[in-house]
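Please consult the sequence and the structure shown below while reading.

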Amino acid sequence: MNGAIELTDNKSEKIDYDYSDYPFYVRKNILSHYPDFRAPNHWHDAVELTAVISGEMDYNVNGRTLHMRSEEGIVVNSGQMHFGYSEQKTECEFVCIILHPMVLCSIPSFGHDFIHPFISNAQVPYVSLSPNCLWQKEIYDRIISIYKNRQTETAPLRILSEFSAIWTLLYENMPSDDQKKRRRNRDLFIVKDMVSFIQNNYTEKITLSDIARSGSVGESKCYKLFLKYFSQSPNVYLNQYRLNKSIVLLQTTDMPVIEIALSVGFSGASYFSETFRKWTGKSPTRFRRDFPRIQEQRVPLAELSRRARSL
């Protein structure tokens, strides 16, 4: 977990999938596990499906904010900047699933006819899921079903089947793509470049000037873009990203706090601890004690079979 995170060739974040043999990410989480009740803003080529189980949260996609409550959710299309948060710091329990639509392409024509038209549709950066709309409620229910069956012997088959049904509903209900509105969003590409720079260099000393330069803009433009897309300044985003990385190290290693602080880019243990307490309400040591260590979550298919036989 040390050093810069892995990025793909197009600078999107590389997903740490749950299964060693299949590109499926299926997790249940609570918002309070993130510093200041705010998940890190990110983007990737895969599609992200979120279903709120209890509580509520705000969800930002490309600078636009939606409010989600229990039994509601969202499907974020490929390549969109997104994150969930709560300004009021209220709890939210949710299921998050990340799947790449290309897993549905058993033959090339599937990608051409059914996958690419959706992920390239400029009218669909996301799809809100409401319990009052039958097809959206079905997608929500299938997200929950994927989570419930994630550790069965046939989990990969079940996930693929549910995802196929979800994609059918998304495709059948997507709006037509207005070619005139498919202009490249230059600001979004600039933001992605600046975020990628932070993700690649957060362990080093980074200034506002460095971040702005990575997007080929001035500091004022950089500051305004971060406020627009993330509702926070570049330096606040950087500190939050470092804190999220430190939480992973606190939960998965025995590294001393001072070593963690330096490894994620803080200048010392004192400033790190002060910032950590401000964002989480706990010291790093107390946080580590209160949250049990997270073990490696990737599950080989053979292990799924063993678990199923033991039931």
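Lys-148 is exposed, with a relative accessible area of 64%; exposed stands for over 50%, buried for under 20% and partly exposed for the range in between (1.4 Å probe, protein chains only). The model is predicted, so local features need pLDDT of at least 70 and side-chain atom pairs count only at pLDDT 80 or more, while totals for chains, interfaces and linings use all residues. Residues are numbered from 1 along each chain as its sequence is written, and side-chain values use heavy atoms, with hydrogens and water left out.

**Surface positions**

- Lys-148 belongs to helix 2, residues 134-148; helices (H or I, at least four residues) and strands (E, at least two) are DSSP runs numbered from the N terminus.
- Between Lys-148 and Val-26 the C-alpha to C-alpha distance is 9.7 Å, although the two are 122 residues apart in sequence.
- A nonpolar patch on the surface consists of Ile-107, Phe-110 and Phe-114, which together have about 250 Å² of accessible area.
- Patch members have over 30% relative accessible area and no salt bridge, and nonpolar side chains (Val, Leu, Ile, Met, Phe, Trp, Tyr) are joined within 5 Å, like charges within 9 Å.
- A salt bridge places a side-chain nitrogen of Lys or Arg within 4 Å of a carboxyl oxygen of Asp or Glu.
- Ile-107 is partly exposed, at 41% relative accessible area, and is located in the loop between strand 6 (92-99) and helix 1 (108-119).

**Aromatic pairs**

- The whole structure contains 15 aromatic pairs, where ring centres of Phe, Tyr or Trp (its six-membered ring) lie within 6.5 Å and planes under 30 degrees apart count as stacked, over 60 as edge-to-face and the rest as tilted.
- Phe-266 and Phe-272 make a tilted pair, because their ring centres are 5.2 Å apart and their planes are at 55°.
- Phe-266 is buried at 3% relative accessibility, and Phe-272 is buried at 0%.
- Phe-276 and Phe-287 pair edge-to-face, since their planes are at 80°, with centres 5.4 Å apart.
- Phe-276 lies in helix 9 (residues 269-280) and Phe-287 in helix 10 (residues 284-290), so this pair ties together parts eleven residues apart in sequence.
- Both Phe-276 and Phe-287 are buried.
- One aromatic cluster is formed by Tyr-202, Phe-226, Phe-230, Tyr-237 and Tyr-241.

**Charges over rings**

- Arg-38 lies over the face of Tyr-85, 4.7 Å from the ring centre; such a contact requires NZ of Lys or CZ of Arg within 6 Å of the ring centre and within 35 degrees of the ring normal.
- Over the ring of Tyr-147 sits the charged end of Arg-150, at 3.9 Å from the centre.

Technical notes: Accessible areas come from the Shrake-Rupley method with a 1.4 Å probe; for residues, only the protein chains shown count as cover.
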